[in-house]
Amino acid sequence: MAKKWVAIAAALALSGSAALAADWTEQFKVIDTDGSGTIAQTEWEANAGKLGIDPVPQFQAMDKNNNSSISKSEWAAAEKMVKAFPVSCKSATESWCPPGY
């Protein structure tokens, strides 16, 4: 499971998605097009391109309970991971850290 979070953090951090990191609440609303309070996989696939990220791997990594939707708490957990990624990466001595960090 930890490898999944490393993968999502790396993908989001490397995607140049500064707007995503800057205002996750607004980005959640952009993708939650039906206003249900969760992001269904179909909503993610249809709208994640607006964020410049590949939809499938990140969705699967964020959907911790594998119910084919991302809740606000799962979204918040992803936000925390992405924001912590550069800090963790700078102090890492392992090869998982992408170049540039």
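**The core and its rings**

The largest nonpolar core has 13 residues, and those with the most contacts inside it are W24, I31, I39, W44, M62, I70 and W75. A nonpolar core here is a set of buried Ala, Val, Leu, Ile, Met, Phe, Trp, Tyr and Cys residues joined through side-chain atoms within 4.5 Å. Buried means under 20% relative accessible area, exposed over 50%, and partly exposed in between, with a 1.4 Å probe and protein chains only. At least two residues of this core come from each of α3 (24-31), α5 (55-62) and α6 (72-90). Helices (H or I, at least four residues) and strands (E, at least two) are DSSP runs, numbered from the N terminus.

This is a predicted model: local features need pLDDT of at least 70, side-chain atom pairs count only at pLDDT 80 or more, and totals for chains, interfaces and linings use all residues. Residues are numbered from 1 along each chain as its sequence is written, and side-chain values use heavy atoms, with hydrogens and water left out.

Now the rings. Rings of Phe, Tyr and Trp (its six-membered ring) pair if their centres lie within 6.5 Å; planes under 30 degrees apart count as stacked, over 60 as edge-to-face and the rest as tilted. By this rule there are four aromatic pairs. In one of them, W44 and F59 are tilted, at 6.3 Å centre to centre and 50 degrees between the planes. W44 belongs to helix α4 (residues 41-47) and F59 to helix α5, so the pair links distant parts of the chain, 15 residues apart. Both W44 and F59 are buried.

W44 also pairs with W75: the ring centres are 6.1 Å apart and the planes are at 70 degrees, so this pair is edge-to-face. Because W44 lies in helix α4 and W75 in helix α6, the pair ties together parts that are 31 residues apart in sequence. The relative accessibility of W44 is 0%, so W44 counts as buried; W75 is buried too, with a relative accessible area of 4%. Ring pairs link W24, F28, W44, F59 and W75 into a cluster.

Helix α4 also holds E43, which counts as buried at 6% relative accessibility. A polar atom of the E43 side chain lies 3.0 Å from the backbone nitrogen of T33. Leaving aside neighbours within four places in sequence, E43 is in contact (heavy atoms within 4.5 Å) with residues including I31, D32 and A48.

Methods. A polar contact is a pair of N or O atoms within 3.5 Å; within protein, one must be able to donate a hydrogen and the other to accept it, and residues adjacent in sequence count only if both atoms are side-chain atoms.
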